[in-house]
Amino acid sequence: MTKGQIESKISEAISKFEIEQMGRGPEKIRTIIIQDVIFIRLKGFLSPSEKNLAQNREGVELIKKVRAALFENARMSLEGAIKSVIDVNVISTHSDVSTKTGEKIIAVVVDKNIEESINE
């Protein structure tokens with residue numbers, strides 16, 4: 001597979017993961033591989049209730065706490081989704097949510113330089 005094909009397949013797997021584990025999928029998703037890091041940017045993933053809740057600081061904090069807890073509980077499934085596309089071991093995963101833009105960023109650090117392995 002080419003780098004673009006791998007990125008596309010990871011996007012598909014993560015979108016499916018979001019639907020199954022978080023209850024809804026994003027409106028848009030983009031995956032970018034840079035050496036041994038996979039960046040996934042999801043847009044439009046907040047529910048209408050979360051958007052409403054995000055109108056004040058307490059609501060924003062609550063959304064972030066709940067989303068972080070859901071992500072941590074589903075971490076193994078996320079790693080499995082990535083491993084279903086490309087043979088790597090996940091070293092760490094990081095995620096943050098912007099209630100202002102409705103975006104979520106996931107960064108996944110893996111055990112090898114994916115770009116180099118594609119070019120071999």
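**Reading a helix residue and a sheet**

Author: Ser15 is buried, with a relative accessible area of 19%, where buried means under 20%, exposed over 50% and partly exposed in between (1.4 Å probe, protein chains only). This is a predicted model, in which local features need pLDDT of at least 70, side-chain atom pairs count only at pLDDT 80 or more, and totals for chains, interfaces and linings use all residues. Residues are numbered from 1 along each chain as its sequence is written, and side-chain values use heavy atoms, with hydrogens and water left out.

Reader: Which residues does Ser15 touch, not counting residues up to four places away in sequence?

Author: Contact means heavy atoms within 4.5 Å. Ser15 touches Pro26 and Ile29 by this count, which leaves out residues up to four places away in sequence. Ser15 itself lies in helix α1, residues 3–22; helices (H or I, at least four residues) and strands (E, at least two) are DSSP runs, numbered from the N terminus.

Reader: In what order do the four strands form the open sheet?

Author: Strands of a sheet pair through backbone hydrogen bonds, either parallel or antiparallel. Two strands count as paired if DSSP finds at least two bridges between them. Here the order is β1-β2-β4-β3, with antiparallel pairing. At the edges stand β1 (28–34) and β3 (90–98), each with a single partner strand, so one side of each is left without a neighbour in the sheet.

Reader: How many bridges join β1 to strand β2?

Author: Seven bridges join β1 to β2 (residues 37–43), and the two run antiparallel. For Ile32, the bridge partner in β2 is Phe39.
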